Structure formats: structure tokens, C-alpha cells
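Trainee: I am new to this structure and would like to look closely at one part of it, the place where two chains meet. Could you take me there by way of the chain itself?

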Protein chains: 2
Amino acid sequence: MVKARRFVLAKHFVGEPKEDDFELVEEELPDLKDGEIRVEAVALSVDPYMRPYSVNHPVGTTMFGSQVARIVESRSEAYPVGKLVVGQFGWRERAVVDVGKQDLTGLPKPYIVPDFKGLSKSLALGVLGMTGNTAYFGFLELCKPKAGETVAVTGAAGAVGSTVGQIAKIKGCKVIGFAGSDDKVKWLTSELGFDHAFNYKTTDIDEALKKAAPNGIDCYFDNVGGKLSSTIIKQMNNFGRISVCGSVASYNEDPSNLPEAPIIQRAIVGKQLKMEGFLVKRWSNRWLEGINQLLQWIVEGKLKYNETVTRGFENMPTAFIEMLQGKNVGKAVVKV
Amino acid sequence: MVKARRFVLAKHFVGEPKEDDFELVEEELPDLKDGEIRVEAVALSVDPYMRPYSVNHPVGTTMFGSQVARIVESRSEAYPVGKLVVGQFGWRERAVVDVGKQDLTGLPKPYIVPDFKGLSKSLALGVLGMTGNTAYFGFLELCKPKAGETVAVTGAAGAVGSTVGQIAKIKGCKVIGFAGSDDKVKWLTSELGFDHAFNYKTTDIDEALKKAAPNGIDCYFDNVGGKLSSTIIKQMNNFGRISVCGSVASYNEDPSNLPEAPIIQRAIVGKQLKMEGFLVKRWSNRWLEGINQLLQWIVEGKLKYNETVTRGFENMPTAFIEMLQGKNVGKAVVKV
């Protein structure tokens, strides 16, 4: 028998998640059946979506999420021992997984990590995985940016936002990013090539946008919602497109008592704006198309990425909490 | 020389428009040049959009809007004397109009009122004109309703909303309307065939919707914005569509200091909703398609309409103010 540890949701979060909202449980893994594999986590993902999704899961649920894992035992030919696999295995150090079973998340079923041309395999959780595809499909498919247009991105120093801004540059757009610290802002303009970046905590957004985007904003990739979004949306151009990826501003709030912000419908009508929310699973059937394009851009030197790495499986809750506090730059991962 | 009266914007509105925000000006009309016609108003339109649009016009501007007018003199062959014409002639009792000139509103250029099969010509301002087409195109093109789906409409007893709800019924949908008085609510269910209707001023919307739409809402036609919209949007289904026609809740407010409402981005993401605002001029090139279909539905007894008629050109401001206060049922018009 193999011993394994996993984190379960011990209490539903109230406001910001806390360490004792999680419980580390030890168990013995069962023997493999046909079609199953046993994996050991190499790197695990912590993502903003986990905060709002937790509401839909009962206390005692194993925390959900993706990981890169090494296959250490296999009863499935397509998943040989020794290979690295990406899957929705949750916050588990070791696990037995039925790789043939339809995944309820709607995300791609477990897949062997493609050839990353020597790049870190943990990127399969970030720029070469769900967050990269979130940026790639969510921005290109919903905003449909054209060269010469102006693009605004919030949460711009996050895993998704930093990729969206760079894709917009690759497509010939002018890019304006918003992030929550001066260090992040500096990284966006000096390293990633954003045309302008602002610390939304210390900037008069209305004024800053009038100067940085005197001709208005055509595309807005929204990670935050709330007042910042209302301010940006007011300065959009006719037929502007808004892709809504997240609403971090609301994640720590009670869903039955959401925060308020200036209403956006007046701008939506007057400028004939289109706003669409998405979950990346919508493009599960095009998953490798996105990853291959992102990999190519990295290899060509057009797309940069950053990881904030926390060491040790037992530090998953800390990594998650700090990511929600905005302490990460780029993708937050935990390496075992 | 012919004397003519028109209303100009004497002051910019602060909060609700008031009688003395308008000034009635008398002038002499010029002689006709080639391509011009002289018209006398028969019926004039007062519409919610006039409130927010006024912000973009300087004091002294002639109030803008459409009217049905009789051609009393003509130097344009396509516009013969005696015919009725629909055009963006503003709040004018009499006017000289260059019918060849491109209209800055983007709406169709002046057109002779089609054969309405004996129905009142003033309908060219309502269900067989801009408001009818606003409902027809704005709902069908952006919400893309399917038979069996559930549709919510706010401002449901207004000119546009009452038409949207009936079109939804024609398309085989379940329809839930929200209006601002018990009389209006009664009219929606007993006369227009709405499945449910609620007085949003006296109803717990969250509870009412859970009962009336236990399977959630697929399409939402939004005339109001604000808190009511936030509440409805929270109860929408995956891949729901929101057509934003107006935001009456904000029209009397300072655009630089809009009212606040619970943020909608969390629902937009989680349910992958699509929200789009529109101005009906987008479909100017399909104008008569809409009117012909609406006329056919009226003739077949499938589509009902109502007009709230104010008599006398000099009462334009009163009719406008009362319409914004929600005193009308169906289309508000002024007959000269």
C-alpha cells in the first residue's frame, strides 16, 4: 500500500481564505484497476478561480485543480510509467486516477506533457497550459483584436493578464496594463513591452486613460470586475469588445451580497459594446493548437513568462492565499 | 413666409427634466430650394433616449427626434405634396427639410409612410417604426431566442419592452416581464400574454424569479440597467444572452457619477454570458423588413400595441417628462 496526502476544504472560506480552512489528510491509495494510473505530483497549480468555485463544493471535498505529475505505475498503455502527465488531479501529492473516465470539469482529459523544447515542465500549468490558453483563446476569440487597436488589460501582471498583453503586442495593438504594485507595473513596461502600465491602487484611472489612450479603448480583457472595470468601460470606443475572464474584485465576497460598482449599461448601449464571459474549457477541443502557438512565440523570443514558485506540497494553502493577495508575478505554482 | 414653432434645449437637464428646461421658439421658415420639402407635424415621438442624448448637444439645440409629418410643399419628386413622411425632423411644428442630405443620426432618411392597412399613421413612430424595430432587431439579432427558452424583459410595459415580450411569445418562449405599476403588470399578463409579470417596485425580484423561472433565464432584454438588472443576470443560465437597449435607471443621473449596482462580472464569467448593447440605426438597411414583419403580426392578431397620446404640440415637454416618469403604457406620442 502507498501512503498519500491531499488537502480537503475544511471550512468554506469567509472573506480571504485562511490556512485553517484547509486540512491535510493522509490515506492509503488503492491498488490499480485496468485503465488507471498512479501519479506523483511534480508541480501543482494555484489559481484565482479556485476561490469562487469553492462555493459549489461541500466541506470535505478534496481541493480541485491541475498538476503536472510523474506516472509511477500504469495499467493504461497510452500513459507509460516515467512520463509526465497534466491532469485535474486536485491538491494531491500522490493519486490513483482513472484516465479513461470523462472529466467533470470539461477540461481536456489527462495528457502527456508535449515536447517543450527544453523549457520547464511546470509551464504546462501556466503559459503552456490552462493559463496560456485562457489568454490565447479568451482574448483572441472574444476580443478579436485588430492591428492598431488599443487594448486594456487588468490583472496585467498575473499569469493570464501578462500573456494577454504580450499577445496583443504580437498582434500589433497598443497595450495598457493595470496591476497592483509599482514593481509589477515596471515589469510590464520594461520587460514585457506594454506601452503603458499603471498601479490601479495609486492612480487616477480616468485621467491616466485619457492620456494613455486619447483615442479610446477598443478591447478590454477584464480579470477584476468592479469599479476599475466600470471606469475603463466608460472610455471604450464604439463597437468595443470586452472579454471577461474573472472578477477577482468579488472573489472574497459573499456571492449573495456582491460589491457594488458604477453601472456599465449606459456605456454598453451608447457605444454598442459587446461583453462576453468565458471558461477556457470552451476550447478544450483546440487545446494543443493554443499551446503550440504559445510555445512557438516563446521560442521566437516574442512571449515572456514568469513563475512564482513555492516549494513543498504542504505549502499549497500558503501559495494559494498569497496568490489571491496578489503577491505573485506571473503564474503561481507549487513544486513538490 | 410661413411661421413655425420649435422647442430648443434651454438648459441642460439636472436630474428629472423640467418644463423650463425647454423654450418654445418662433421663427419664419425659408423658401424651398431644390431637394427640399416643407412639412407639418402630425404626430411627434418622445422617447427615453432623448434624455441621455441631450448631454451631447449644446444649449440652444432644437430638440431632436422623429415625427410623422404631412408634406405641404415639395421640390423633390420622390416626396409629393399630401403624402405623410417619417423623418428625424426634431421637435418642430413645421419645418423645411433637405431630404437628400445624409442624416447624421444614422437612422433611415425620410421615407413615405408605408401602407399600414388602415392602422393609425402615428404607429410609424412606435410599433411600426423605430420602437418596433428596436424590439424586433435588438431582441432577435442579439438574444437569438429559441423556442422553449425563458426570456426576461424589463421596462416591459414600455413601447419597446411590450413588443419584445410579444415577439418572444410568437417565437415560442416563456416570457417574464417587469414593470413599475400594478396596472401595467396586469396589462402584460391579461392583454399581452406574458407568462408572468411583476411590479419591480413592490416585489422581491430574487424570490419571484426563482418561482417564475425555476430553470433559469436564457435571454434578458434590458431596458433599465441598475440593481434590477444585476438581480436578473445572477439567475441566468449558461451561455445566456443579454441585449442591452437602455439604462433608464441612469438617465437622470450625472454621467460622471453613475449610480452603483452589484457587479455583474462574476455571473458573466461563471455562466459564460454574452451581453451586447445596440442602437437601432445598426439595422437601418433592413428597416422595412422589420416594419413589414411587425405589421403582418399585427394584422394576424399576434401583436398588440398601445399608445399614450398627448394632444397639442405645445405639450411636448409634458409628454416627455411624464414618459420618463413611467406614466405611459406603450408608446408615448404627441398628436398635433
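Among contacts in chain A between residues at least 6 apart in sequence, what share joins residues at least 24 apart?

Mentor: This is a predicted model, in which local features need pLDDT of at least 70 and side-chain atom pairs count only at pLDDT 80 or more, while totals for chains, interfaces and linings use all residues. Residues are numbered from 1 along each chain as its sequence is written, and chains are lettered from A and ligands numbered from 1 in the order in which they are written.

The share you ask about is 67%, where two residues are in contact if their C-beta atoms, placed from the backbone, lie within 7 Å. Chain A has 10 helices and 16 strands, which are DSSP runs numbered from the N terminus (helices H or I, at least four residues; strands E, at least two). Along its principal axes, the C-alpha trace of chain A spans about 65 × 45 × 35 Å.

Turning to the meeting place, 31 residues of chain B are in contact with 31 residues of chain A. Elements giving two or more residues to chain B's side include α6 (226–234), α8 (265–270) and β14 (274–277) of chain B. Strand β14 (residues 274–277) of chain A is joined to β14(B) by 3 bridges, and the two run antiparallel; strands pair if DSSP finds at least two bridges between them. Within β14(B), B:E276 is the bridge partner of A:K274.
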